[in-house]
Every structure is written in structure tokens, then in C-alpha cells.
Amino acid sequence: MRVSVVLFTADLRMHDHPPLRAALAGGGRVVPLFVRDSGIATAGFGAPNREAFLRDCLADLDAGLRSRGGRLVLRSGDVVEETCRVAAQVMAGEVHVSAGASGYAQHREERLRAALERDGRRLVVHEAVTTVLPPGAVSPSGGGSHFAVFTPYFRAWSRQAPRDPLPAPRAVRLPERSVASDRMPVRGGVRGLSPGLAVGGEKDGRRRMTAWLRDGLAGYEEGHDDLAGDATSRFSPHLHFGTLSPVELVARARKVGGPGAAAFERQLCWRDFHHQVLAARPETSSADYRPRGDRWRDAREQAAEDVAAWRSGRTGFPVVDAAMRQLAHEGWMHNRGRLLTASFLTKTLYVDWRVGARHFLDLLVDGDVANNQLNWQWVAGTGTDTRPGRVLNPVRQGRRYDPDGAYVRRWVRELADLPGPAVHEPWTLPAEERARYDYPDPIVDLAAGRDRFHRARARDRDQG
């Protein structure tokens, strides 16, 4: 009787799960395993919102496995030690796992392979489980380990044929020897959650996927930047935890076709792009991809009040504050909001991108090293943006992507009675009218902030 362990990581689903299907092939018996990695907390990556969403995902995965005759074994501690311990208990010949892109995931894989081989067991790593194409599947024609610019990567990526999605298994057979498991944790035990945090789990993810592909995909190209319209898919938490498959999403979007599907596919490619950068340059999770010689304002001293205002949504720029308050309330932020709040912090306030990335990781339910850190670098001009000097003007951004101010009024309740686009510049109101709104004045002059950034960089001067 062939027994394998399937180590779930960022792939908490039954549908389109190559490691699970490979382990079950030919009638094999399987121990589905998830290890609550002590290294995540040690690295400072744990956050209440992600912990709660994870608990939803684990409970849902366990329910899905049980409905097919299996169950999820939950352990806590060092991933390598716990996986080897379970493999030894059931005399498994192989451990199946999805490939990861981060330096942490790569090191975990190396340690696990070495430890299993010492015990006479084999590690089987499956690519293209958490991304559409694996990092390194396409490479620049001129050489190099990865693409440093998105557009040529997108062209090369688009020419590739992803693997076919796999159906969920009908049955999961466990080995005869039982394995002890920790009790499945529940969301209710997590404190400090964002009040509007979404529900996790494959069941909810697939329900959302079906509804959005039917009702939202067609309008995605035109509406994805509309802050008030909220026309994005909101799949990012499910992609982060792997309750939805990016391979399946591409396949289903292509089946629908049209401009909306093409625009959505491009966003999934951006996700793959960042993963291939991180896989080749894992140090960019904390180090500049392209150092610019920045001497950032100290977030604990000279910029302390500005950073505090930014974090709390009290900068005096309504669209920035609306986005930051959405983040605090939902543990999620519209992508256009992420761009403009990041530009405001790094370029208008000239504060290190790592300060902003850390705050986002503390709150984002979809907080992902590849996408969070490298998007912050892209905006800060230390990453892969080909126009690193561009500065997004929050007033112009608000007028363009929230033209009637509905998004601002939804989140900045102090300005809820201020009609129309005037909500984006409340400081221009007549003094008597301005006094009626309990809302701060701008913490920085936009032109002065832009000029400070350009003097520091002495580089491209593009105004967004």
C-alpha cells in the first residue's frame, strides 16, 4: 500500500490541486497535513486578519476532505520536523508540496528535502499551483534569471499554454494507521480583527468566483479602477491562501473571453510577474530592487506625525484617508487605493516604502510578500517601474477615479454631507463652510512634497 503525505501550504483547496491528485493517483493513500508554522510568527508575518481567514480556510478544507472520506491533520511547530514526524508515523514514501517563491519557502523546501532524504523518503515539488506559470517558465531572450519589466514578461507569458485545471478528487483514502491532530481552531478566538473582514475558505471563494465571472468580468476593463464602483474581483485573499486556483481562473476567464477577461488575465499575470522577481531575487522582500540612494525621512522622528496621520486616515487628503480607513475596516483595500496611498507615503511624504509595507502587512488579509513588497517597491520607484519618478497627485487621482466623491463619502464620514467633487478639496471651501467639517487640513503641500522627492532623487519627473 503506497502512502504519501500532502503538505498544504498556500494552496488550501480541493479543486485543481496537483499535489493531492498526484498523491492519490493509482489508489494511493494520503495524509493531508497542514503545519501551523512557528517560523511565520517568529518572522513577524503573523497578523490577526490573516490568522482569522486562515482558520476559516482550514475548517473549510477539513470539511471538504471529510466529505470525501479524508480529514486534515493539523500540527504546530517547525514545518520540517512535524512533516518528517508524520511521514515516519505512517511510513510514507513521499511528501508532496507546492513550490513557493519567497526565500523562506525556498529554504523550507531545501530543509525538507534534505531531512526526508536522510530518512529514505522523497520530496515531490509541484509547480504552477499557486501561480499560473512557475517562476522561470519564461526568461528574457537576452539572458538573465528573470524579467525586470512587466510588458515583455506579459508578452512572453501570454504565449505560454498553462496546464489544464484539475477537478477535485471524488474520494480521499487515509492510511490505516491514524495520525494525531491538533484541534481545528476557529475564527472566534482571534482578537483585533478588522470589523468588515471577509470570510475565508474554498467554499466561499468558489461561490464568489462563480458570481463574479458571471456578473462582474464583462465590465472589469472599464470598471476596475472605479473606487466607488468596487468592480474588482476581490479574489486576492483567496489567491493568497490558495482557496482559488489562478490556473483555473485564467482558464475560466478565457472561456468567457472579451475585453474584461483580457484585463483580468493581465492582472493575474502581474501576480506571476512579482512571484518570478521574488523567486530570482528573494532579498527584495526587504531590500531595494533598484537602490536609488534614498535618505528617507525618519518615520520615528522627523516624519513621525505624518506617518501617524497616514496610518489613521487623517492626512487631510480625502481619497488617501478613505483608502486607509477602508484598509482598517476591511483588512483589504481597492488596488487603486493601494497605489495612491503608497505614492503619497513614499513620494509626497518621502518615507521609506518598508514603513508602509509593514503597516499593510499588519492589516491586509491578502498580505503577500511577493505582491505587497514588490508593489510597494514599484510605487516607490525602487522596484520594476520604468517611470520611477512618477508622483501620483491624490487630488487628481480622486477626481479621476472617484469623480462624484462617493468613495470618499463612504469612508470619510466627516465629509459625508459635502456634495460632489468638492469633497476632494475641502480646504478650498469658504472659511465659514469649512468650519462645519471636523476634518484636518492637509499635512503637506503637494507641490512642496513633490519637489522634495525630486530633489532627493534628481530623476524622472513625471506627474501622475
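Visitor: How far apart are the mean positions of the positive and negative charges of the protein?

Guide: In this predicted model, the mean positions of the 68 positive and 57 negative charges lie 4 Å apart.

Visitor: How many helices and strands does the protein have?

Guide: The protein contains 20 helices and five strands. Its radius of gyration is 23 Å, close to the 23 Å that the globule rule gives for 464 residues, so the protein is as compact as a globular protein of that length. The C-alpha trace spans about 80 × 45 × 45 Å along the principal axes.

Visitor: What share of the residues counts as buried?

Guide: A residue is called buried when its relative accessible area is under 20%. Of the 464 residues of the protein, 56% count as buried. As for the surface, the protein exposes about 19,500 Å², and carbon and sulfur atoms supply 49% of that area.

Visitor: What share of the contacts comes from residues 24 or more positions apart?

Guide: Among contacts with a separation of 6 or more, residues 24 or more positions apart account for 79%.

Visitor: Which way do the side chains of a strand point?

Guide: In a regular strand, side chains alternate between the two faces of the sheet.

Visitor: Are the residues of strand 1 buried or exposed?

Guide: Six of the six residues of strand 1, residues 3-8, are buried, so the strand is largely enclosed by the rest of the structure.

Visitor: Which strand is joined to strand 1, and by how many bridges?

Guide: Strand 1 is joined by six bridges to strand 2, residues 29-37, and the two run parallel.

Visitor: How many bridges join strand 2 to strand 3?

Guide: Five bridges join these strands, which run parallel. Here aspartate 37 has glycine 77, in strand 3, as its bridge partner. Four of the five residues of strand 3, residues 73-77, are buried, so strand 3 is largely enclosed by the rest of the structure.

Visitor: Where does valine 124 lie, and which residues does it touch?

Guide: Valine 124 belongs to strand 5, which covers residues 122-126. Its relative accessible area is 14%; because buried means under 20%, valine 124 counts as buried. Leaving aside residues up to four places away in sequence, valine 124 touches Glu94, Val95, His96 and Val97. Valine 250 is 126 residues away along the chain, and its C-alpha atom is separated from that of valine 124 by 25 Å.

Visitor: What is the phi of methionine 91, and where is this residue found?

Guide: Methionine 91 has a positive phi of about 55 degrees, although it is not a glycine. This residue lies in the loop between helix 4 (79-89) and strand 4 (94-98). The relative accessibility of methionine 91 is 56%, so it counts as exposed.

Visitor: What are the phi of aspartate 230 and its relative accessibility?

Guide: Aspartate 230 has a positive phi of about 50 degrees, although it is not a glycine. The loop that holds aspartate 230 runs between helix 8 (220-223) and helix 9 (236-241). With 30% relative accessibility, aspartate 230 counts as partly exposed.

Definitions and conventions. Residues are numbered from 1 along each chain as its sequence is written. This is a predicted model: local features need pLDDT of at least 70, side-chain atom pairs count only at pLDDT 80 or more; totals for chains, interfaces and linings use all residues. Side-chain values use heavy atoms; hydrogens and water are left out. The radius of gyration is taken over C-alpha atoms; the globule rule is 2.2 Å times the number of residues to the power 0.38. Buried means under 20% relative accessible area, exposed over 50%, partly exposed in between (1.4 Å probe, protein chains only). Contact means heavy atoms within 4.5 Å. Accessible areas come from the Shrake-Rupley method with a 1.4 Å probe; for residues, only the protein chains shown count as cover. Lys and Arg count as positive and Asp and Glu as negative; His and the chain ends are not counted. The place of a charge is taken as NZ of Lys, CZ of Arg, CG of Asp or CD of Glu. Two strands pair if DSSP finds at least two bridges between them.
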